Amino acid sequence: MRFICFIGVFVSVCGLSTAYTAASCPSTISEWDRVDCYPEAGSNEQACIGKGCMWCETNQQGPPWCFYDTPTATTAPPGEECGSCSCVNKVDCYPEPGSSEAGCYSRGCLWCPSNVNGEPWCIQSDGTSSTSAPPSGSCPTTKLDCYSDPGSNEQGCYDRGCLWCPAEGTNDPWCVFPEGVTAPPSSGGCPATIPESQRIDCWPGGGATQAGCESAGCIWCESSQNSVPWCFFNTTNLPEGIDDAERVNCIPEGGFSPTTCQERGCAFANVNSPDAPMCYYSNDNYGYTMVGDAVATYNGYRVTLQKISSGSMFGDDVDTVTLDVNFDTSSRLRLKFFDEQNDRFEVPLDIKGADPTPPSDPLYDVMFFNEPSFYFQVVRKSTGTILLDTSLGGFTFSNQFLQIATRLPSTTMYGFGEHEHQTLAHNFNWESFGMYARDQPPDPGANLYGVHPFYVTIEDDNNAHGVLFLNSNAQDVTLTPAPGLVYRTIGGILDMYVFLGPEPNSVIEQYTSAIGTTFLPPYWSLGFQLCRYGYGSLDTVKETVARMDAYDIPLDVQYGDIDYMDEQRDFTYDTNKYNGLPDYVKQLQAGGKHYVIILDPCLTEDDPIGTYPPYDEGASMNVYVTKSDGVTPISGKVWPPGQSVFPDFTNPDTATWWTDQCKSFHNVINFDGLWIDMNEPANFVTGSTEGCEDNTLNFPPYKPKIWGDILADKSVCPDARHKLGNHYDVHNLYGWSQSNVTMQSAIASTGKRPFVISRSTFPGSGQWSAHWLGDNNAAWHDLKMSVIGMLEFNFFGIPYVGADICGFNGDSGDELCSRWMELGAFYPFSRNHNGIGYKEQDPANFGDAFAQRSRDVLRIRYTLLPYLYTLFYEAHTTGVGIVRPLSFEFVQDKATHSIDEQFMWGPGLLFSPVLYQGMTSVDAYLPDARWYNYYTSVEESVRGGEETFAAPLGKIPIHVRGGNVIPTQNPASNTVAARKNPFGLIIALDDSDKASGELYWDDGDSLEPIVSGQYALFQFYVQNNKLTTTAEGSQSIASGMTMGSLTILGVTSAPGSVRVNGNNVNFAYSNGEISVSGISVTMSSSFNVEW
């Protein structure tokens, strides 16, 4: 579900505003004729409406959602207050699209960010027009382009002293020089010798003019390509400086001001790459110096640092910083920079597993240096590889700007989130990622729903390590060609944890063991799930489930999105459209299915007292996030009628209240799980219905590279108060704190193993909740991106993850949805979900052939569920990831390091999905091992190379890796039925004719089965043509398990006999496969097979 599909009318601070879905959009302008009213990044509903434009969703990718509803509607309504800016009335100085701070200054106007929706940010200083008037004269016959750079617009054209002449011809320019006016030098006649490819934009905000450009000391010349600036630096007059790759940007907020650079104590020099910073830190006179020597402590060192530079980034620097270095374990190191004299916010995450005594032989060394300023190195002792080296400089510790930069040992890096990364392995060409939880559908470059400042690097010698920056403030990271990393945050402390691996899977084990391993899911939650925002009625839900059953497509879970509620109020249901819902939920459960409901962390405060008890009871207990006064609940606007308040889940009283509400509602609707959405928290107005106060929490001196003009965009004001502290510090912990409370509420409500799925996450969230990848699009691009997202969340310790199968936004076609069902059948979280106003896309809605393809692939999933459940047991007990990139299993094979279109379940199964339209085969890479085709059991001939595999519609190539024993079970229409069926084993032999594996089993639904001992764990070992078994746990669990079939792959010749527990059994042999079926043997530690 997403906020931008909000239907209906709500009152904003500007008045009545309306937002529409694609189906309900009242505009007569076709989608492809729309003119973008918000071309800058971060378009959102409220900002769009604030500009006086129309906000309508689209049926396809490409057209803007924020657009001018009439060709001439290009101005935003003026505001009513001027705030601190010197003007009488705010008159918009930049009414056309693309307003920016630099462009505003170029017009001689004031840039005044406003908290009031609808007010212009670029305003005239005296209430009179300061934009250029159209020059006199008529459009010339010969049209010379006066605005060849991007962003041509009428007012910008006038600013250049040119004429705006809309042209009929598609190749004619609209902004042209008047007759008799001399154009700037062309590319070929430019007096500067700087090649166009090396021009560095001197006016990156847009709206450059010749006068403004030359007054800034820059060069004004036309360019031959639209992407090349006309106004650019005269870099021939600048010193060369240090190598581009070694630089750390000293003006990270943007800009190239030599004056600002000098004031900050930094160097300003020429660059060879237009992406490199011209202003960079000089280690000779910026940073900190070590006072005395490092002092040994019980398990590490303490270092005192003193600021040496007079320059400052944003002021309020901490002069004396303390660094504590703790040797937590032999494979984990902590480096904590803090202000010993003043308390600062620290993330209240319990980092587990530190040794009670210092490790005797750690895998690392730490070295400190003090020339020309302080830096440190972390070294892997076994190889000498330097994992961290902060000699790049730029170390800063101030009240609202903290920064540390480090060299890295290689350019193979994964992680940081939540983003829609276009590749699994990052590039180091000054790529930046902002991290601040945001109600933001997946989009390249955007900061999405959660925050995960953790990365994994594979070193050049194929060892691996990981680093966590434990900080919950708004933050960003930039990767540089050094290769290097620059981490910035605007609050808290710098708290770094280094995990030494050395294998990639070991890094993930160490990381998740520290932050908390994943919850053990109820078995039913591994079945296929179905949801839709906009069923509209219980009758439609019933029809959907009935057609799934008619096709016998496996289905375990049906969802209720917000349309089941009474006007989107939590803890209610619509007794008209969903009349009979409580009884229907019980009917589903009686048939082996389960029901999950959605809850949003927003309650209406405008219902009459006594008519909405959940709000009233919360108000009486003071459980809501407040304004900065710490008393008055802050008001926003989300789904329910009227204004909304937001529960403060860091308040223990909120946990009591939330649990009571869940328990009471469970008495009404017997739900099995809870889905918590919109918990960034999302807000349809910026900050609050009253805006945000002008202070440094709401408007900090540095805004990380995140979407939205201000921190409060799509959320609440940063100076709002929680029990734990300012929203400024805990914003990224909102979904994290709700997940913990909601898990406890689910337990209290159901009395069974909890199932919670959360949109917003943070390190440690995986202990309590699952995650889905957000409001994606029904597009091939999103299908492909979901593989990367799934892998990344396994790095982040949240392995129960998946994308909305077939896409949430837009109509999914037969081919796309079919391919998505193939891939989604092997997401850990396998749910088909789409949005309101779109075509139904459940797998029973496309006809017989589609239904059969979906049924077949889901039956493979259900066959493999015992293996997946066992992987969840391993993740829960050890922290290892479930879905893995090939590089994590074959790290010595460098060809695997960049593969992100294939994935593995654990060590044993390889999936190679079709991700591109029209393809009927897949070019898949098979690392050096024995691989067996899952469908045919035939061993593949390719090892350590690529092979093309047939993949007709309905088939995803799957391979079993030699050396593994894969537990299976006969499938059924749901897991309740399937759990009654016999088990099987796929035994895939490796080069030594060996294999191993395990099977974990319990009742699937009880609390803490491992703690209580109510489980069975079988270990299988194969060598010398014999499988042996060991077992632990409950005999009563094991006695209810029956082995029914065996498949042995990679056998070199037909055996004379096959014996199970010493008894001969019938078998078949073909092409290296032994197949045994029809056996019925109770599982125990004595289970064995010989051939």
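**Figure 1. Polar contacts of arginine 569.** In this predicted model, the side chains of arginine 569 and glutamate 567 form a polar contact of 3.0 Å. A polar contact of 2.7 Å links the arginine 569 side chain to that of aspartate 607. Arginine 569 sits in the loop that runs between strand S31 (557-560) and helix H8 (581-590).

Figure 2. Arginine 569 has a relative accessible area of 10%. Buried means under 20%, so arginine 569 counts as buried. Apart from neighbours within four places in sequence, the residues in contact with arginine 569 are Thr604, Asp607, Tyr612 and Pro641.

**Figure 3. Helix H6, residues 504-515.** The helix has twelve residues, and at 1.5 Å a residue H6 should span 16 Å. The C-alpha atoms at its ends are 17 Å apart, which agrees. Ten of the twelve residues are buried, so H6 is largely enclosed by the rest of the structure. Among the buried residues of H6 are Pro504, Val507, Ile508, Tyr511 and Ile515. Just after H6 comes glycine 516, with a positive phi of about 115°.

**Figure 4. An open sheet of nine strands.** The strands follow the order S38-S37-S36-S35-S32-S31-S30-S40-S39, and their pairing is parallel. Strand S38 (801-802) and strand S39 (804-805) stand at the edges; each has a single partner strand, so one side of each has no neighbour in the sheet.

**Figure 5. The pairing of strands S30 and S40.** Strand S30 (residues 529-532) and strand S40 (residues 831-834) run parallel and are joined by four bridges. Cysteine 531 is opposite histidine 833 of S40.

Technical notes: Residues are numbered from 1 along each chain as its sequence is written. This is a predicted model: local features need pLDDT of at least 70, side-chain atom pairs count only at pLDDT 80 or more; totals for chains, interfaces and linings use all residues. Side-chain values use heavy atoms; hydrogens and water are left out. Two strands pair if DSSP finds at least two bridges between them. Helices (H or I, at least four residues) and strands (E, at least two) are DSSP runs, numbered from the N terminus. The expected span of a helix is 1.5 Å times one less than its number of residues. Buried means under 20% relative accessible area, exposed over 50%, partly exposed in between (1.4 Å probe, protein chains only). A polar contact is a pair of N or O atoms within 3.5 Å; within protein, one must be able to donate a hydrogen and the other to accept it, and residues adjacent in sequence count only if both atoms are side-chain atoms. Contact means heavy atoms within 4.5 Å.
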